[in-house]
Amino acid sequence: GEVCNMITKKYGEFLPSMQSAEDLVSQVEGLSSNIDLLKAGIETEIQHDLNVAVAEFTELKQQLERDTLVLSILKKLQEFDTAIKEYNAALLEKKYVAAAQQLEKARSNLKMLESRKGFELKILKALGTELTVQTQNMLYHLGEEWQKLAVWKLPPSKGTCSISLESVTHSELHLRTVPSKEEEVTGPPVADVLQAFAVLGELHAKLKSFGQLLLKYVLKPLISYPSLQPVIEEQSDVFILRFKSEEPNLDHCSPVEVFDKIKLIFEVLHKYLLNVPLEQPMEDNKECRVLLAELLGDMIWEELSDCLIQNCLVNSIPTNSSKLEQYIEVIKSTEEFEKALKDMQFLKGDTTNLLKYARNVNSHFANKKCQDVIVAARNLMTSEIHNTVKITPDSCVALPRLPNSRAGDHLQVQKTSRPLHNETVNLENETNLSRYTFSLPTCRISSAVEKLMELAYQTLLEATASTDQCCIQLFYSVRNIFQLFYDVVPTYHRENLQKLPQLAAIHHNNCMYIAHHLLTLGHQFRYRLTNILCDGAATFVDLVPGFRRLGMECFLAQMRVQKGEILERLSSARNFSSMDDEENYCAANKAIRQVLHQLKRLGKVWQDVLPVNVYCKAMGTLLNTALSEIIARIAALEDISAEDADRLYSLCKTMVEEGPQVFTPLPEDDKNKKYQEEVPVYVQKWMTFKELMIILQANLQEIVDQWADGKGPLAAEFSAAEVKSLIRALFQNTERRAAALAKIK
């Protein structure tokens, strides 16, 4: 019973709750269908209304934007118009800055209008034209005012870049003075005119042309002409700058004087024209105040400082080390000059090139010195070779007295120009050499080469007294002199060295002379130089072989030319055959005469030029060429008649008698005999030639005797085959000839 009750109770409670759940479900279903209806309604009707509203809104928005744009354009047009009106009013009252500002305002309005895309108004073109006209009008007025401020009175220009001294003395610059506070101001103040130019962006061009005139007619002439003096005259309302020319006491102005004159010019300009602060428009519309002086300085300083360096400081660099001390003064005045320009605000910032240049005097000194040395050397090398001086074993370059090795770095160089005649050159401390150890044989060299050597010694001497850096530079510039000689002379004088035997001889001597000095050149200065140049590199010995070769090659080339000419002349002697024919004999005789003439002429041009031993070797070699050729031609003949033999003998006799006379190494005739007697020493084929002459005159027995079983003088000069060949040519084929031939073996 109890269980029944429980179940009934549970169901009693369950049924109503189930009922309410079912009610809830039916309600939800009803609600859901309502939503679907509503959704369908929205999608059909309200969405449509919404779309219409959005479209209307967009249209209204665009309309509003158009109206705003039109309104802003009208506003800009109105602003443009107002600006032009205000500009005109200001211009009438000569309020130039205000007028210029209004013009710029109008310009920026116009720019804005032109930048609107899709609004190409026809009126814009007209406005642009109007603005251009008004700007030109304003610039014209400003130009008139500017011309009253600074008036140039210049002589008619010849169109050249640089201005003559005379035209500078006829140039004037008039500056209108700024009236003092109490006086009535007649025109607009300087600042207004300049500020208006600045606003219009035209100040730069105006200042640039002013700066160029200033450089051309005032600043550069003051640097170039030492005699120019600025003359200043102040009147009540105008200041005048003109120039007068005085007798200069020097070719080049001292930098100190030049700086003073230029400083004066800038002070005047600063006082009357340039001390005007200006509002300069910057990129991002910020204004910045700039002094006019600074603007002008930016434009002309570089050109001015270049001109000062090139035409003033360069010339003031000393040429010898003793004057370097005094250069401090120039550096000081350069510093003061720059400071003055900075105070006036022409210059801003750090040390300029000008001061750097002045302070770097040691390096410039070295560069200038080296350049002078090379220029001088080059001039000597390109001068005439044939102006000669005679050198003897006693001659010596005017050398400084050599310090002993203990003097080390603190050497005191005694500059003696006495040639070191009768003293031994003290190369090492204790080792004394004979004065002829390093002597050259007597000969002639170009005076230019002697001067070149002196230049080298002088420069090395200067090097030993200089700062380390300078010393090194000078040492290398002396080496450069010799390298230059090696490259320049053979090329520059090439034609003459080929054509003229005398010049070839002098050039040969020049090279030997230089090589001779290069052996010891570094040695004399080595105590000073070795300390600076690493590993004792202060030497010139490495250049010696090159110079000897240079001299030899040139002279040998000349010898080849002369040999060629001798052989050329002998080739016209018809091989020395058939001398019984008169025509043939004449040709051979002429050839021999020409050869002797050529040798005689050479003997003359080389006389007193070449060292005697070189002279004798050279002449001997050439005479030998002629004799060898004659021997070879005669020995090759197959048939020599008795008359041929006589004529050949007389031709050879001419050579033997006159050949030695071409040896004239010395101008004094009596001294040449010795060398003429020594001809057999220098002419290799001399004895051969004499033996040939004996054969031409001898009978068969005499020839056999001369041969003397291969031990006689004939055998010393000719081979058995050559002697047999000559016998066959000279004698008829007889038993006696056959017997003689049999003995030659």
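How are α12 and α13 oriented to each other? In this predicted model, where residues are numbered from 1 along each chain as its sequence is written, local features need pLDDT of at least 70, side-chain atom pairs count only at pLDDT 80 or more, and totals for chains, interfaces and linings use all residues. Side-chain values use heavy atoms, with hydrogens and water left out.

The chain has 27 helices and eight strands, taken as DSSP runs (H or I, at least four residues, for helices; E, at least two, for strands) numbered from the N terminus. Buried residues (under 20% relative accessible area, 1.4 Å probe, protein chains only) make up 42% of the 745 residues.

Helix α12 (residues 447-464) packs on helix α13 (residues 468-492) at an angle of about 165°, and their axes are 8 Å apart; axes are lines fitted to C-alpha atoms over the stretch in contact, and angles run from 0 to 180 degrees between N-to-C directions. The two helices are therefore roughly antiparallel to each other, a term for angles over 145 degrees. Residues of α12 that meet α13 include Val449, Leu452 and Met453, while those on the α13 side include Cys471, Leu474 and Phe475, contact meaning heavy atoms within 4.5 Å.

Turning to helix α27 (residues 735-743), its buried residues are Arg737, Ala740 and Leu741. They cover an arc of only 100° around the axis, which puts them on the same side of α27; the arc is that of the directions from the helix axis to the C-beta atoms. Glu735 and Arg736, on the other side, are exposed (over 50% relative accessible area). Cover for the buried residues includes α24 (700-707) and α26 (720-730).

Notes: Angles under 35 degrees count as roughly parallel, over 145 as roughly antiparallel, 65 to 115 as roughly perpendicular and the rest as oblique.
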